[in-house]
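Subject: Structure handover

Hello,

Here is the structure we talked about handing over. My notes on it follow below.

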Amino acid sequence: MCGIVGYVGHQAAGPILIEGLQRLEYRGYDSSGIAVIDRDGVLDVMKREGKLRDLQAAITRMPNGGTGIGHTRWATHGQPSDRNAHPHASSSGDVIVVQNGIVENYRELRAELQERLDAEGRTWQSETDTEVIPELISREISAGKPLEDAIAYAIGRLRGANAIAVVHRGSPDRMYAARKGSAGGIVIGYGDGEMFLASDLPALLPHTTSVYHLEDGDIAAIDADLVQVRRGGSPTFQPTPTQVDLDPVAIARGPYRHFMLKEIHEQPRALSDTIRGRARLDPASALADDFDLADDTLRGIERVLVIGMGTSLHAAMIGRWWIEQIAGIPADFENASEFRFRAPLLGPSTLVVAVTQSGETIDTLGAMNHVRERWGAPQLVITNVDGSEATRQADASIIIRCGPEVGVASTKTFVGSLAALYLLACRIGHARGQLNEQELTDRLEQLLTAPSLLERGIRQAERCAEIAQVFGGASNFLVLGRGIEYPLAMEAALKCKEISYVHAEGYAAGEMKHGPIALLDQGFPVIALAPRGPLFDKMTSAIQQVRARRAPVIAVGDEGDQELAGLVDHFIGVPPAPPLLTPFSLTPVVQLLAYQLALTRGLDIDQPRNLAKTVTVE
């Protein structure tokens, strides 16, 4: 996934597609490509590994067709290469697709489609998950389905969040777009006798300010002067475009009321962008290309120390879990501001990992400087800002590719940092022989489902709003978690403090009876993070103790968990996840609860009082 562009109209599509992709280069990618069809159904597909300039240099003749789609890609399934770059065609060559998202069940679909390919003497043209989409569409067309029905069928077969654009040789004056889940947006731009398509608004603004954002479940048929949308079983309709403000802030915020809300919704895409090219299958590898610590160095590591502040510290705490469980190596976490005034025992066999969304956080920079001057231990930084001071101090860096985060309260950079830490654990575990090839593949396949977990968690926004209305007047909250959910309980409490100005404390559930239980009464709501897992029974025991003190309980647990729902006052269901991935399913709900609490109080959510986006003073 990275950027999608499309065009249908009276101009040559090729130059417009290239220009659109240039405007999406900020998202990062490892290959690019375009497909253009002329009125006679003649198709030109041009794609190259590397930067967009490499594609441009390889194009000796720009095609004249007036319909086309383009894409920039980060690799997951298959190495970066010309062959694996988008667009992808069906084996018959009639259907061409670009995709943002991950086809989680691509192995099953590939096996299902193999019989048809074998019978017709055709082969797969790439190692990607995306290629199953045009093949599915082509198969259904061959069976007699209309093209739009074939696209709807194919989208329905995909597991995960996906945004696609499609062209067909038999329909040279039309392109199609579809969105399923939150794999990134699809925006249609209305011109004069021409239509534009993009995954991000900036790619459209040179051409039009009249746009329509596809909603989850939409399939659009786009001609030069007409857009028709089908949504589920409802009749096809012509959407009404809206005018976007040319004010840069309004453009950036899009249809969302606050940047924080926008950035919560951007998390599936931010996570996918961070993973892209770094979690690869067939063959399995983690952090293969842009990671400066060699396997020999990692094999010599005997301990990992993860440091951070605020939200980054909570990411560090979760990362400690993964490093121990996946990499099989001792790990600790430290508050960076306290660490620098201690004399901990470090050495060349300790890897120090600093987590800082801005790369300029003064406490974290001070701790990194402390490590360099006193111990000389190898240092890695996880940050959202390439070229920041932290990247200059560290021996290696992982840039999390979340894009600008405007809201002061970190949201998408939190999940980006989590993804980087998970990948780091996988890389260390594989380098040290803790994970064999199959185990690494299994771990990475689980991570590739995380954007879908986030997307499904975001769907609980309305339920979070309902609960916020009930507790909007509360002055205190206790948030409980156990195991890997304990750091997330602390993050939930921090979000409540930051933007809703509610006093909230995140506690390990087992610690509650050692003091905090004295605070509980009918006016002291408790949020319990209780997905099914090894510590579920422990959590339900803590919930029983809370209920015995008549404190209202809001539980966040697995969808359909009737036992848990019957035990508490309010229940929010999130998608079940493997035990080590529950932070991804729970995170959007705790963020949305804090957001909705702040909204009910009428507060300045994006710029809460007394806080700054980057802490540069001690």
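Helices and strands here are DSSP runs, numbered from the N terminus, where a helix is H or I over at least four residues and a strand is E over at least two. Please keep in mind that the model is predicted.

Backbone exceptions

By that numbering, Asp282 sits in the loop between β15 and β16. Its phi is near 55 degrees, a positive value in a residue other than glycine. Most residues other than glycine have a negative phi, and most peptide bonds are trans. Pro283 belongs to the loop between β15 (279-280) and β16 (285-286). Asp282 counts as partly exposed, because its relative accessibility is 35% and that class runs between 20% and 50%.

A cis peptide bond also links His86 to Pro87, again with omega near 0 degrees. Pro87 is in the loop between β4 (67-73) and β5.

Arg550 has a positive phi too, near 65 degrees, and is likewise a residue other than glycine. This residue lies in the loop between α19 (536-548) and β25 (553-558). With a relative accessibility of 61%, Arg550 counts as exposed.

The antiparallel sheet

An open sheet is built from 6 strands in the order β5-β6-β7-β8-β12-β13, with antiparallel pairing. β5 (88-89) and β13 (227-231) are at the edges and have a single partner strand each, so one side of each is left without a neighbour in the sheet. Helix α4 (residues 132-142) packs on this sheet and touches β5, β6 (95-101) and β7 (162-168), with its direction at about 140 degrees to that of β6. Helix α5 (residues 147-157) lies across β7, β8, β12 and β13 and runs at about 25 degrees to β8.

Two of the pairings can be followed residue by residue. Strand β8 (residues 175-180) and strand β12 (residues 218-222) are antiparallel and share 4 bridges; in this pairing Ala177 stands opposite Ala220 of β12. β12 and β13 are joined over 5 bridges, also in the antiparallel sense, and Ala221 has Gln228 of β13 as its bridge partner. β12 and β13 form a hairpin, with 4 residues between the two strands.

Asp173 is placed in the loop between β7 and β8. What is Asp173 in contact with, once its neighbours within four places in sequence are left aside? The list is Val8, Arg39, Thr67, Ile222, Asp223 and Ala224. Asp173 counts as partly exposed, at 38% relative accessibility. As a distance across the chain, the C-alpha atoms of Asp173 and Asn369 are separated by 60 Å, with the two residues 196 apart in sequence.

The parallel sheet

There is also an open sheet of 5 strands in the order β23-β22-β24-β25-β26, and here the pairing is parallel. β23 (503-508) and β26 (570-574) are the edge strands, each pairing on one side only. From one strand to the next, the twist averages 20 degrees. Strand β22 (residues 476-481) runs parallel to β23, and 6 bridges join them. Within this pair, Leu478 stands opposite Glu505 in β23.

Helix α17 (residues 461-471) touches β22, β25 and β26, and its direction makes about 155 degrees with that of β26. Helix α18 (residues 485-500) touches β22, β23 and β24 (526-529), its direction making about 175 degrees with that of β23.

Cavities

How many cavities of 30 Å³ or more does the structure hold? The count is 5. At least two lining residues come from each of β1 (3-9), α1 (13-22) and β10 (194-198). By class, 8 of the lining residues are nonpolar and 3 are polar, with no charged residues.

Regards

Definitions and conventions. Residues are numbered from 1 along each chain as its sequence is written. This is a predicted model: local features need pLDDT of at least 70, side-chain atom pairs count only at pLDDT 80 or more; totals for chains, interfaces and linings use all residues. Side-chain values use heavy atoms; hydrogens and water are left out. On a 1 Å grid over the protein atoms alone, a cavity is a set of points where a 1.4 Å probe fits but cannot get out, and a pocket is an open set with protein on both sides within 12 Å along at least five of seven lines; lining residues have an atom within 4 Å of a point. Grid points are joined across faces, edges and corners, and a volume is the space filled by probe spheres set on the points. Ala, Val, Leu, Ile, Met, Phe, Trp, Tyr, Cys and Pro count as nonpolar, Asp, Glu, Lys and Arg as charged, and the others, Gly among them, as polar. Two strands pair if DSSP finds at least two bridges between them. Contact means heavy atoms within 4.5 Å. Axes are lines fitted to C-alpha atoms, for helices over the stretch in contact, and angles run from 0 to 180 degrees between N-to-C directions. Buried means under 20% relative accessible area, exposed over 50%, partly exposed in between (1.4 Å probe, protein chains only).
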